[in-house]
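Dear colleague,

I am passing on the structure we spoke about, together with some notes on what turned up in it. Please have it open beside you while you read.

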Protein chains: 2
Amino acid sequence: MRVTIGQINTTNGDYAGNTKRILRAIEKGKKDQSDLVVLPEVAVQGYMSLDWFLDRDVAAHALEPLDEIIKATQGLTAIVGTIRPVEVERVQQGGRRLYNSAAIIRDGKLIGYADKTLLPEYDVFDDPRYFESARERHLFKHDGQALGVAVCEDFWNDKTYWRERLYTDDPADELISLGADVLVSINASPFNKGKMKQRCSMVTHRARAAKIPVVFVNLVGGNDGVIFDGASIVADRNGKIILQAPPFEEFFGTVDLDVDEADTRCLPGDDIETIHQALVLGIRDYARKNRFERAVLGLSGGIDSALVSALACEALGAENVLAVMMPSPYSSRGSIDDSIALGCRLGMKTIEHPISTAFETLTNELKLKRPTRGGEILAAENLQSRLRGAILMTISNAEARLLLSTGNKSELALGYCTLYGDTNGGLAVLGDLLKTEVYALARHFNRDREIIPRAIIGKRPSAELAPDQFDDQSLPPYDLIDPIIKMYFEQKSTPEEIVATGHDRALVYDLLNRIESPANEFKRRQLPPTLIISRNAIGIGRRRPVTHRYRRAPITAAMR
Amino acid sequence: MRVTIGQINTTNGDYAGNTKRILRAIEKGKKDQSDLVVLPEVAVQGYMSLDWFLDRDVAAHALEPLDEIIKATQGLTAIVGTIRPVEVERVQQGGRRLYNSAAIIRDGKLIGYADKTLLPEYDVFDDPRYFESARERHLFKHDGQALGVAVCEDFWNDKTYWRERLYTDDPADELISLGADVLVSINASPFNKGKMKQRCSMVTHRARAAKIPVVFVNLVGGNDGVIFDGASIVADRNGKIILQAPPFEEFFGTVDLDVDEADTRCLPGDDIETIHQALVLGIRDYARKNRFERAVLGLSGGIDSALVSALACEALGAENVLAVMMPSPYSSRGSIDDSIALGCRLGMKTIEHPISTAFETLTNELKLKRPTRGGEILAAENLQSRLRGAILMTISNAEARLLLSTGNKSELALGYCTLYGDTNGGLAVLGDLLKTEVYALARHFNRDREIIPRAIIGKRPSAELAPDQFDDQSLPPYDLIDPIIKMYFEQKSTPEEIVATGHDRALVYDLLNRIESPANEFKRRQLPPTLIISRNAIGIGRRRPVTHRYRRAPITAAMR
């Protein structure tokens, strides 16, 4: 059997554009004389459509775009992800309005649907809010071969692979038991660190165990903060990877399931390079899909805004990125010089808008105390950041530029940021990178030549909102706190589990309570979408009340 | 049987405070020699705890606060909402980690649990994210009587009451079929317009149909934007309401189930008065539970900020509310005078911080065009709003005052607001009120005496960001657009359904496309929590991608 995969980049609700991409995959299949063309989950409408899937008009017209696709399938079978309406009687009995389905189309005819059974409701997913679970699994005949088709999560609950499972059922295993000769898995599986390797291992494990080929097709592209990385895989009946699609780009490729030759062209790279590519795609797609050609950001002289500049220039072209330096009385001359040097190296325009005069005016009018060395004059510190935020939004408004916000996850977790100030923007580019990951990515940028000036990377982190102010006066060193934040967010470790890895108990509890304080959750609630690279990013996948009194406290031996 | 209800105001994660309130209800039950004391859903931990329910420490310690409660139940039965851990084997097979349960406690012993079966996942609810569904329903014996206990949604799917049902099962009906003599329903049912009357009708319908008494206890209190209104109900076997608890306050009350006397003390009031009370409670609880004693807001001279002032003064005391007038070159003298008059009537302190100097400085530095009569100089208009936002946040930071934001739902829906400007704040007080509802509530405030100056209510709405600028130059009149916004949000009507009620087709499509534009969703994503008074508020219950191309277009006869 010859299979073509269409690893396409869909946009929510862009029926015309998505259909065009699907047709392109079918054309590729025809040209290559394929038997089967496979597209990702909800390719027709776009997977992250959220509450658009509750819209009755969207549901009612769900199948209309299929007409054109069906007509194009002469001579082959296409498997296309789409929503489809649930039977009226079932809805009346309390069912959801839609199935999340794979349409199986052959020779100009709609053969049937494979509906999704397992509906994820963790992290950014809310499938049970929108979708009815499939009642049964069945195979589709194709030239005497039996096709098993699993929609995303239905493939992801292999009890021989996962130590912890999220569901009781394993629909893919059911399809194998029914006698599938080939297993097709259509996905919208978002990127996070290490996930590509995990998918390879999961797919090859399943193929080897069931002794059948697996065609695993994934969506590609940024959708707000969620980045689908593509990296589709075809494994043969021995678990050998015979097609490995490139990550982070559209790809149309064909393979014979019995080719018996490993595809090693696009093996998953190291984490830092995949993060790099993910962020570039995330910026590019957010801008492109929201019709921004140009971006603006504030350049402080620190590493975060330097890294965002480099990423933005790569994503959008340096000629489309404007960096604004906005020194205050507490900014160092070095910061300006370093920023200008960065702009030169990137070929990015830098301009200067000092905030000193406006800051003086408002500080006098509001009779604010000025920031002093070692003092904590929060209001006046934040005011500088908010003036900068207002200037950047003014430029964004006046020149139709997307404002990129530059805060990192360590800062956002600990509330070391100014709401309506440096958090302003359409997209938080580094919002899911720990400060130590920001350093690692900056060094990665410089691996061949010095793009980000060493002076910026080597600088002692500072918000420069008060004289001689440095991050390490308000926070423990990032080397110490980042591993704790990482365990807490990414592994969802309990405080005692973190302590057990060797961290100071008082520090762990203090940090976690600081992270979860209502004052910090209040800020995080109002952030722009964050580009997601981990299993627990700040944003729609992390739902916390602002108002709460949960506090973590060590249980001492005496209290037990 | 004598029953005491504890309509308590819980705080997420405030184990000590919540337990104290539960014990107070049990004390009341003992004093009144009750047989049964009933508390609301998840009373121990707080219902809107969101992802705290995913926390393994929270799950592991879920039952510890019950110890003190169990000890206090000598001589009576208490039914208390709490989370409880799911059996390990079930979790290992892919179950969630918690049940949402009612603990049935008697005479110092834990008798058992009634677990929630139906797990809502619409609007603000994400129950399947956290909770395992109950496997079976059973009764509890109490002095020879059989108690049926239903947790919230389990009571809400009566097929003889609802035209459209959300689930197939009706657990409350199952309990009745098993032979329940009394039905106890513990709830965390949020307020929205008309809901109190609906609950009364639903409870009395069930009692009458089953010919058994129903004890329906609801939570009270604000939790971020979600406001639980209490208004608990006890109906006798004839469906007569024999106890109707007051809404929007804590209440501990006792009734004999065979009293045969209707309680008419607290019948649900008219919509506008319940909205008034809901907003006052919402402000008060958000401030109190987040430990703010004082608030600040910007006073423009318009009706929105005037109404928020009146509500804030009622909720927090006029002495704790600071109103800041921040005129620009485009503000009218009338606006200042009206604001001062409002401050006098409310007894609220008003101060003036003109933004003209800072605005001039920045406009010059940024070489911005100044707003002109009839011109659309967005950047300079927004800059004024952002300077005001920065000043208000500076005062909020300097004086530890909660900043209340004043935008209404009509504006937020249509994007007629400035992000990081007038949207700034910890709580959007009017974010779920249409402009016409703002007027209605302002008039309601003035029903006995003129609290909000008539000059403010009668004024032509204006943002005053450009010379002679009025809302009706950018938007159709609110009388025309509010009914459309209302149908679209609250009834989730399709465009054609709205047109069918007599609205202009072009206007309907234009408005809905404007509402759903990515540029406006981008703003709404970054709003503070909104006090919710309707069935579809902007906020956590309305989940839309920023990035999308969904567009509503009339299907013309030719296209069909």
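Lys289(A) counts as buried because its relative accessibility is 1%, where buried means under 20% relative accessible area, with a 1.4 Å probe and protein chains only. This is a predicted model, in which local features need pLDDT of at least 70 and side-chain atom pairs count only at pLDDT 80 or more, while totals for chains, interfaces and linings use all residues. Residues are numbered from 1 along each chain as its sequence is written, chains are lettered from A and ligands numbered from 1 in the order in which they are written, and side-chain values use heavy atoms, with hydrogens and water left out.

Lys289(A) belongs to helix α8 (residues 271–289) of chain A, helices being DSSP runs of H or I with at least four residues. Its side chain reaches the backbone oxygen of Gly222(A) at 2.9 Å, and among the residues that Lys289(A) touches are Asn9(A), Gly221(A), Thr547(B) and Arg549(B), contact meaning heavy atoms within 4.5 Å.

As for the two chains, the contact takes 93 residues from chain A and 93 residues from chain B. Between chain A and chain B there are 10 salt bridges, each a side-chain nitrogen of Lys or Arg within 4 Å of a carboxyl oxygen of Asp or Glu. One salt bridge joins Arg543(B) to Asp126(A), with the closest N and O atoms 3.2 Å apart. On the side of chain A that touches chain B, α12(A) gives the most, with 13 residues.

With best regards

Key
Helices (H or I, at least four residues) and strands (E, at least two) are DSSP runs, numbered from the N terminus. Buried means under 20% relative accessible area, exposed over 50%, partly exposed in between (1.4 Å probe, protein chains only). A polar contact is a pair of N or O atoms within 3.5 Å; within protein, one must be able to donate a hydrogen and the other to accept it, and residues adjacent in sequence count only if both atoms are side-chain atoms. Lists of a residue's contacts leave out its neighbours within four places in sequence.
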